[in-house]
Amino acid sequence: MSLVRTGALSLLALGGGAAIMQWTTSSSLLGMLTQAVIYAIFALGVGVLLKQNGLVSFGHALYFGAAGYGMGIILALDWMPAELAILLILLAIGVLAFLIGLVIVRVPGIAFGMLTLAIGQMVYLLATRARGLTGGADGLSIHWPATLFGFPQAMLLKPATLFMIAWSVMVLVTFVLLWLLRTRFGAITEAIRDNEERARFIGITTTLPRAAVYALSAMVTGVACLLSALNTGFVSPENLHWSVSAITLLMVVIGGFKTALGPIVGAIIYVLFKDFLGAYATHSMAIFGAALIVVIVFSPDGIVGGVQRLLKGERPTKRTLQ
Amino acid sequence: MNSYVLQAQDLAVHYGGVKALDGVGITLEKGQIHGLIGPNGAGKSTVIDAITGRRKLTRGTVLLDGEDVSHMGAVERRMRGLSRSFQRTSIFGGMAVRRQVELASYKMGVADSAGDAGAVLKELDLDRLGQTIAEDLGYGEQRRLDLALALVGRPKLLMLDEPMAGLSVQESQDLARHLKALTARWEVSVLLVEHDMDVVFGISDVVTVFELGRVIASGEPASVRANPRVREAYLGSAA
Amino acid sequence: MLTINLFNGLVYGSLLIVMSSGLALIYGLRRVVNFAHGALYMLGAYIGFSVAQHSNFWVALVAAPAAMALVGVLLDRYGFRLLQERDPLNVMLVTFGLLLILEDLVAFIWGKGNYSLFTPELLNFSVTLFGHDLPAYRIGVIVMGALVALGLTLWLRFSRIGLFVRAASTDPITTAMQGVNTDVLSAGVVGLGSALAGLAGVVAAPFLSLSPHMSSDVLIDSFVVVVIGGLGSLAGAFVAALLLGMMQAVGAVYLPEVSVLLPFIFMIAMLIWKPSGLAGSRT
């Protein structure tokens, strides 16, 4: 898809968001949609790692929580204006993830998944215990200032505004990712993912680009967390638990990891479906577990992938995650 | 003094009790096509692996234009103009043909990578398939893509590991002609491992014969062909 | 105090031996990191609980692992076997989906409350050792752990089937070519591994309470053990299990902050340095 077309579609999506905002009168529905969009951004982060590097991370909740805690601590200590803090946190996450990435992207397949699981759990345990810094298991309240980027808090925290902010960020992030992945950088990481050995034999050093993708995915996840922090005003160790990473992975796989749309679809389905289930909501995890199994067995590139193939008139093929 | 583009000396590759290569030497001059033949398991692929850095050397040195690259990784050797194709097709399945060939060219530092890629694709009859995803190509087309990835970027030295494997007689002959033309035009030196004797003896300037990890004959095609030791290695008895 | 802590560490370590040996066996043969293993442990505990309610602990001790063995065989036959050509990551995610389903199933059948299983009468006394009163039941757990470890080691080393298992773990294709029915073998091993998880569950029930969340806690620890010990290596898992159990128990008192992190630090270091693990030689 050309840059112009991507840009046009993005503008259209923004318009769509505005329409949704206008027409949805129920604030609880808007709240739920905002939640869905935040998860969608988180899922985009996990998804881009899977798509470009072919790596499955069970520990991305680390960056999700870290951004929130970072924000909470900085605001509590009143080190700098919130606007600057946002920028700094995202940058810090990027750098940290890049350094971590340099070490861990060399680890292949399942071992990488286990590694991210271990790192994530370790940070989770640290957060539960460091009562002084993080408030321990009770979590941390995030005291946003009276105005953010010039807008008063009261206006920002209205459901409609929050939704529009989240939606716009999602469209922006998607656009940036799509653009980045069309560049040479995207080609390099795809080559590494497809055939690491041959990539080296055409002159590509394989660690740096993959660490960069890892850092990118971490930053996207961090963005999602900052939005979540704005939405709820709160962050807790539960945000860091491995089950959060695993569930997001679920969204990505069910939605489809090969396109930017997949994780978004997966996240929206997850949040809305839970509400839809009503009485059966307690069984939602089992249903998603079953959906995950069905998708992996019959349509590994997810719902979006399946739909794409249907539209192209092809029969479903058994292709694997790699 | 050293006019060789490639000088491999006393190469040995031992692993797990197997001596895949046991003291082998090969030289290549500029613009030369050097054919490498021998029975299966003789060590032909291994010598390419050793020269390109895919396998670790137990012993020996590899000199590229006089520079010792024996301890360098594959990436560094490629950047010095050493390029190779693979016996078992090794391409980027999820990427479009043109995109990956251009990438390979770009990585070699070619200023006009699009043009370079285009030329190579045209030379190998892949230009009409530029937008096709690699894994959707036919077998022969994939073999040519594997070759294209090695050819872009104006390499100095090309190691081809059974490029004709699985190709029809016609396709093999076409490919042989392409190779001869390309090497003449770009002054690329080629080490060609092949089973097809006609092809090898047809286009090579020099032929070396391997058996059990050692060189048993080397020289001009005609004399190698007539060598009784070579005939014995292939036919199992003095023929 | 230290003795009591070491003792408790040994108890938990023994439990982990049983859990992780099951995981290691399944990984060795099917190359699957089985997320559902924690659920099998939990199911074993709950089934054991229900059986014990209607008869006694000892019947449950046999019934629960047997039931889990059946589940394991079905899991292999209709799950792992059909997915064996797929990327191991895919299969791992499938086992995760299974974990979610099983957790919900348990909550559905037994409810979300916490249950307790009482220590069987026969072992409800204390033994005085090293100057301390140690519960006989917990000593029993340690003995069981040792028996399992010994039994598995001897079985793999000296029995014919054990030989096949070791061969199939190293090279499934050649083993199959030699006439060993690797599918039946795999079903058997996965059944055994699942039975071990169920056994661990029943045995743990008297001293760890039952809840729908019990699968997660033990699962992570089991992963840590199996990775540090070397994916697929039993001996390594045994050592790592004991170390982990004791590290946690002793550390909880003396170095609470660090002790929880230590296992993960080891696991991380292990995975970075040698993705194939300490004692295991295959990736």
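This is a predicted model: local features need pLDDT of at least 70, side-chain atom pairs count only at pLDDT 80 or more; totals for chains, interfaces and linings use all residues.

User: Which pair of chains has the most contacts?
Analyst: Two pairs of chains touch, and the pair with the most contacts is A and C.

User: What makes chain B as compact as a globular protein of its length?
Analyst: Chain B contains nine helices and ten strands. Its radius of gyration is 18 Å and the globule rule gives 18 Å for 239 residues, so chain B is as compact as a globular protein of that length. The C-alpha trace of chain B spans about 50 × 40 × 40 Å along its principal axes.

User: What share of the residues in chain B is buried?
Analyst: Of the 239 residues in chain B, 44% are buried; the cut-off is 20 or more other C-beta atoms within 10 Å.

User: Why is helix 3 of chain A called largely enclosed?
Analyst: Under that cut-off, 13 of its 17 residues are buried, so helix 3 of chain A is largely enclosed by the rest of the structure.

User: How does the reach of helix 3 of chain A compare with what is expected at 1.5 Å a residue?
Analyst: Helix 3 covers residues 61–77 and reaches 24 Å from its first C-alpha to its last, close to the expected 24 Å. Just after this helix, A:Asp78 has a positive phi of about 55°.

Key:
Residues are numbered from 1 along each chain as its sequence is written. Chains are lettered from A and ligands numbered from 1 in the order in which they are written. Two residues are in contact if their C-beta atoms, placed from the backbone, lie within 7 Å. Helices (H or I, at least four residues) and strands (E, at least two) are DSSP runs, numbered from the N terminus. The radius of gyration is taken over C-alpha atoms; the globule rule is 2.2 Å times the number of residues to the power 0.38. A residue is buried if 20 or more other C-beta atoms lie within 10 Å of its own, exposed if 12 or fewer, and partly exposed in between; C-beta atoms are placed from the backbone. The expected span of a helix is 1.5 Å times one less than its number of residues.
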